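Visitor: Hi, could you walk me through this protein while I look at it on the screen? I'm new to this, so please take it slowly.
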Amino acid sequence: MTRPVRTPAGIRPALAVALVLTLAAGASAAWAGRDWYAAAHDDSAAYAVQRDEALAAGEQAVQNLNTLDHKRVEQGLDLWESSTTGALHEQLVEGREEFTGQVRAARTVTTARVLSGAVTELDDRAGRARLLVALRITVTTPDSKSTDKDSRMLGELTRTDGHWKLSALGQAPVGGTAVG
């Protein structure tokens, strides 16, 4: 006949503590997982992603439309057209030939660098956004002299085929100038 193995009295409390710690760790992991899931599926997180995508696309498009080299005017204008949509796109396409001649005659190189930008309005459902972009535009003349100009531009973006493109662009008013 076999006798049951006796365990020391200290083992049962240690087992109870281990069980309590395991349950506490599991509950903590479940709580953290729930919080992570809620944050990942929160509408404000999706809104922030759209805002960031609109800003990045808008800044790049504004930079594209303020950069042009007379030696590569066709490539530059192709980039302009691929950065735009709507009425702005149509204006660029319609005026392309005349503008190409003007740029080649001037023989200038214009480069732009974004200093800062912000989305001022975003309607994610409608696929529309507005932004303000500060740029430094450098114009280099045929005699290699260059001039820098800081500029603020207001742009409107429209989401087409899942991508943000400029649909309007203009100078931002300076100082106390009223918009009208």
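Predicted model: local features only at pLDDT ≥ 70, side-chain atom pairs only at ≥ 80, totals over all residues.

Visitor: Okay, how many helices and strands does the protein have?
Guide: The secondary structure comes to 5 helices and 5 strands. Read from the N terminus on, the elements run α-α-β-α-α-α-β-β-β-β.

Visitor: And how much of the protein is buried?
Guide: Of the 180 residues in the protein, 27% are buried. The accessible surface comes to about 12,400 Å², and carbon and sulfur atoms account for 56% of that surface.

Visitor: What share of the contacts with a separation of 6 or more comes from residues 24 or more positions apart?
Guide: That share is 50%, counted among the contacts in the protein whose partners have a separation of 6 or more.

Visitor: Which element gives the most to the lining?
Guide: Helix 5 gives the most, with 4 residues. Sorted by class, the lining of the largest pocket has 9 nonpolar residues, 7 polar ones and 1 charged one.

Visitor: Can we stay with helix 5 for a bit? Where is Thr100, and is Thr100 buried or exposed?
Guide: Thr100 is found in helix 5, which spans residues 96-106. Thr100 counts as buried because its relative accessible area is 6%, and the cut-off for buried is under 20%. Leaving aside the neighbours within four places in sequence, Thr100 is in contact with Val73, Glu74 and Leu77.

Visitor: What about Arg96, then: buried or exposed?
Guide: Arg96, which is found in helix 5 as well, has a relative accessibility of 16%, so Arg96 counts as buried. With neighbours within four places in sequence left aside, Arg96 is in contact with Glu74, Leu77, Asp78 and Glu81.

Visitor: Which side chain makes a polar contact with the side chain of Arg96?
Guide: The partner is the side chain of Asp78, and the polar contact has a distance of 2.8 Å.

Visitor: New topic. Which residues does Leu68 touch?
Guide: Leu68 is placed in strand 1, residues 68-69, and is buried at 7% relative accessibility. If residues up to four places away in sequence are not counted, Leu68 touches Val73, Gly76, Leu77, Trp80, Phe99, Val103, Thr108, Val109 and Thr110. Two of the names on that list, Trp80 and Phe99, came up among the residues closest to the centre of the largest pocket.

Visitor: And how far is Leu68 from Val139?
Guide: Their C-alpha atoms are separated by 9.4 Å, while along the chain Leu68 and Val139 are 71 residues apart.

Visitor: Now Ser83, please. Where is Ser83 found?
Guide: Ser83 is found in the loop between helix 3, residues 73-82, and helix 4, residues 86-94. Although Ser83 is in a loop, Ser83 is buried, with a relative accessible area of 8%.

Visitor: Last one: what is the phi of Arg107, and what is the phi of Ser144?
Guide: Arg107 has a positive phi of about 55 degrees, and Ser144 has a positive phi of about 70 degrees, although neither residue is a glycine. Most residues other than glycine have a negative phi.

Visitor: Where are Arg107 and Ser144 found?
Guide: Arg107 lies in the loop between helix 5 and strand 2, and is partly exposed because its relative accessible area is 46%. Ser144 is in the loop between strand 3 and strand 4, and at 61% relative accessibility Ser144 counts as exposed.

Methods:
Residues numbered from 1 in each chain as written. Heavy atoms only, no water. Helix = DSSP H or I, 4+ residues; strand = E, 2+ residues; numbered from the N terminus. Buried < 20%, exposed > 50% of the residue type's maximum accessible area, 1.4 Å probe, protein only. Contact = heavy atoms within 4.5 Å. Polar contact = N/O pair within 3.5 Å; in protein donor to acceptor, adjacent residues only side chain to side chain. Areas by Shrake-Rupley, 256 points an atom, 1.4 Å probe, with all protein chains shown as cover. 1 Å grid on protein atoms, 1.4 Å probe; cavity = no way out; pocket = protein on both sides within 12 Å on 5 of 7 lines; lining within 4 Å. Nonpolar A, V, L, I, M, F, W, Y, C, P; charged D, E, K, R; others polar.
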